Amino acid sequence: MSSNPLVLFLVALIVGIKSDEIEFHLTTYDNGKICSSWIDTHDEFFAYSEVYNQECISEAELERKNGQARLCCETTPLPIPSTDFPRECGKQKHLPLLQRIVGGQDATIYSWPWQVLLLSSDLQCGGVLIDQQHVLTAAHCITYPIDPTDYVITVGLHKRESIVNKGEEIVAENIWVHELYNSSTLENDISVIRLSKPVQISDTVNVICLPGAHVGTAVNKTVWVSGWGKTYYNGYTSSVLRQTWLYTMGDMCNTYVTKVFDEDKQLCAGRYTTYSATCQGDSGGPLMYESNGQWFLNGIVSYGQACGSRGTPSVYVKPMVNQQQICSTSSDAIKNNQRSIEIYQLPVMNRVDYRSQMKLINQCTSSYPPGITTLPSTNSTKKKPVVKNMKTWKKHMKPWSICLCLILTLFLFLCMVLGIFALISLRKITAASITAAPGNLHFIRIQKFTHYLLLGWSTTNSLTIARTQHTASHLLNGKVLVAGGFNGTSLSSAVLYDPSTGLWTTTSDMNYARRYHIASVLASGKVLVAGGYNGLSLNAAELYDPLTGSWAITENMTYPRYAHAASVLTDGKVLVVGGINGVMLGTAEIYDPSTGMWTTAGNMSYPRYGHVATVLTNGKVLVTGGNNNGAVLNNVELYDSSLGLWTIAANMSSARYYHSASILSNGKIIVIGGINNGGTLNSTELYDPSTNVWTATGSVNYYRAYHTATLLTDGRVLIAGGSNNIGYLNSAEIYDPSTGLCTVTANMSFTRREHTASKLTNGKVLVTGGISSTILNSSELYHP
């Protein structure tokens with residue numbers, strides 16, 4: 001029988017019964033519930049409060065019986081053991097749910113029984129059991145100097161911090177790191193851990209099968225990956241084991257990753273169109289494929305870019321290319337095992353017995369084999385990492401604590417009243433005309449502080465559909481057209497923002513769903529949308545007419561492309577340049593609104609994407625930076641539309657892509673932030689078209705890329721959002737050309753990147769959408 005905690009609390013408060021502090025530890029599994037021990041209460045009333053317990057799948061309730069009480073909640077039932085489970089490598093009692101869900105999903109409990117969790121005092125990684133006493137993981141998961149006792153491997157785990165299904169923790173006995181491991185390039189990013197005791201093969205623990213030496217040569221094959229890593233870039237690690245499916249991608253990582261990719265030693269896998277990848281904390285985990293009812297190890301999670309947040313693939317180490325570093329190549333056991341396994345040619349694969357595999361690994365790691373080395377050990381005695389497997393429910397509500405709460409509540413109420421009075425007073429001071437002498441600095445400071453509080457950022461109505469990688473166009477009628485983007489899938493929808501009402505209204509859908517496209521406002525008031533990506537690179541172009549609220553098809557571009565740049569020229573034509581279409585593009589073409597036709601406009605010297613194209617006051621177009629097949633560019637080129645020619649301009653000091661470039665009131669161009677091979681930048685540079693010279697100017701206060709930079713009415717530049725090596729940003733700052741300095745302004749309400757920023761007719765700046773921990777529908781206004 002259960003009782004209502006609120007009723008118990010009120011009764012205890014009214015009758016004044018003294019209540020001692022009681023702690024309920026939910027540690028006992030009882031027929032589908034987690035319960036505390038029975039405590040003698042003699043049927044007295046007592047009050048208690050609840051703390052969220054991750055293991056519970058229902059609210060906890062108080063149970064009473066024979067003068068005793070306990071607290072219970074429902075939980076995930078324990079798996080039922082079986083005796084008919086085949087004891088072979090790559091087999092599992094609990095089969096995985098292999099649904100291809102975008103962004104991944106929680107794994108079925110114990111469906112990846114070879115997956116292990118690796119914890120040390122410094123980090124979290126994954127790993128994979130290859131026999132009863134050895135785990136493969138990434139070399140970058142091992143910290144120098146090595147103390148094996150600092151590494152705890154948990155096997156048979158599904159939900160972290162679980163009370164019931166908590167797995168078994170085993171300390172490492174020895175660790176081998178590839179002797180050619182390079183921490184800068186992550187080449188040979190593989191290591192072997194020997195456990196201090198062997199695991200027991202069971203319904204929840206098994207080993208994965210090792211493949212042949214030519215694993216990963218097939219392209220566009222489905223593979224699976226699992227782990228407890230972060231669910232988004234610089235986010236929070238998952239409490240439940242998650243899984244997702246990917247495609248093998250051959251050498252595509254040469255295009256996307258910033259490190260050197262070696263197809264002989266590494267494997268490239270990802271998704272072509274969606275956000276789904278391994279993330280921080282997944283390193284060292286298994287990349288797997290299934291063949292003939294058994295699962296084989298395809299790779300070890302090594303590294304990627306921002307957790308695949310731009311649909312970029314990740315890099316995995318091919319474990320069997322490193323087999324000669326794991327085992328001696330002269331071993332007869334290896335030769336026999338390789339003959340029984342054959343080589344990786346999907347879908348053909350012979351059945352493997354795990355005993356032979358375990359025997360092989362034990363022979364290989366019984367001594368230090370050629371090619372494997374341990375980093376120097378330390379004699380330091382670090383404490384074993386503590387994994388919290390138990391939540392505590394505290395029940396305490398004493399009369400003196402109630403009185404203290406009432407006093408604090410009254411105090412906070414008085415502070416709030418005084419705060420409101422102070423703000424009203426400051427508003428009155430600000431509204432008054434300023435007649436103070438120049439030396440009255442205190443008065444001036446109060447005015448600026450009040451201006452910051454009352455203006456700054458404010459939220460406005462949200463988009464009807466969350467989106468990122470969209471476009472926002474400020475129309476001639478003052479409204480803002482937001483079109484396309486991505487929200488789990490590419491979007492064709494479009495919406496209009498009316499600054500006079502602060503409301504969003506839907507308008508006609510585009511003819512093509514697309515993201516990474518361009519949108520340019522023409523002299524006629526129409527909007528040209530061209531290119532983009534929706535699973536395929538697009539060359540389709542269409543026009544939006546604000547008068548009719550409809551879209552009309554216009555002639556296709558010559559080249560399909562996305563992640564390109566566009567500029568409206570002084571003659572009203574539109575220049576489109578660069579982008580991606582399976583390969584990097586250096587081509588350019590021009591759209592003529594009077595004819596509705598595209599014509600080619602020559603080629604840049606360097607193909608690129610992630611660049612910026614800016615129209616100068618002399619009518620030329622300045623193209624800065626970008627990425628060319630993994631090479632970040634500091635190259636700058638100029639297009640002269642009157643001559644139809646491209647020329648090389650002076651190089652920037654720093655190579656960068658996904659930066660911003662804004663033309664200032666004095667005609668100079670300021671380039672801000674971006675990414676280069678060393679990470680995110682905070683540097684800024686000024687380009688003077690009259691001298692063709694770049695000069696450094698004041699750095700931004702936050703390293704950032706994928707941000708927006710908007711020229712304000714007073715000539716300053718608002719820099720907002722983006723991301724860096726730490727995470728997503730909500731910070732904003734102002735660049736002042738008169739001083740050459742960036743100063744911090746108020747933060748946005750939401751962290752975001754790949755959003756849009758549009759200066760409105762009233763001088764305010766509208767920021768919409770983007771991605772943070774999730775794809776955003778929020779919008780906010782900056783008041784200069």
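V574 in strand β33 is the bridge partner of V568. The model is predicted, so local features need pLDDT of at least 70 and side-chain atom pairs count only at pLDDT 80 or more, while totals for chains, interfaces and linings use all residues. Residues are numbered from 1 along each chain as its sequence is written, and side-chain values use heavy atoms, with hydrogens and water left out.

**Strand β33 and its partners**

- Strand β32 (residues 565-568) pairs with β33 in the antiparallel sense over 4 bridges; two strands pair if DSSP finds at least two bridges between them.
- Strands are DSSP runs of E with at least two residues, helices are runs of H or I with at least four residues, and both are numbered from the N terminus.
- The hairpin of β32 and β33 has 5 residues between the strands, and G572 takes a positive phi near 90° there.
- Strand β34 (residues 587-592) also pairs with β33, in the antiparallel sense and over 4 bridges.
- In β34, Y591 is the bridge partner of V574.
- Strand β33 (residues 574-577) is covered on both faces, with V574 and V576 buried on one side and L575 and V577 buried on the other.
- Buried means under 20% relative accessible area, exposed means over 50%, and partly exposed is in between (1.4 Å probe, protein chains only).

**An open sheet of 4 strands**

- The strand order is β48-β49-β50-β51, and the pairing is antiparallel.
- β48 (708-711) and β51 (741-745) are at the edges with a single partner strand each, so one side of each has no neighbour in the sheet.
- β48 and strand β49 (residues 717-720) run antiparallel and are joined by 4 bridges.
- L711 has V717 in β49 as its bridge partner.

**A nonpolar surface patch**

- L410, F413, L414, M416 and V417 make a nonpolar surface patch of about 480 Å².
- Patches are made of residues with over 30% relative accessible area and no salt bridge; like charges are joined within 9 Å, and nonpolar side chains (Val, Leu, Ile, Met, Phe, Trp, Tyr) within 5 Å.
- A salt bridge is a side-chain nitrogen of Lys or Arg within 4 Å of a carboxyl oxygen of Asp or Glu.
- L410 is part of helix α6 (residues 399-431).
- L410 counts as exposed because its relative accessibility is 51%.

**The whole chain**

- The chain has 7 helices and 54 strands.
- Of its 784 residues, 53% are buried.

Conventions:
Areas by Shrake-Rupley, 256 points an atom, 1.4 Å probe, with all protein chains shown as cover.
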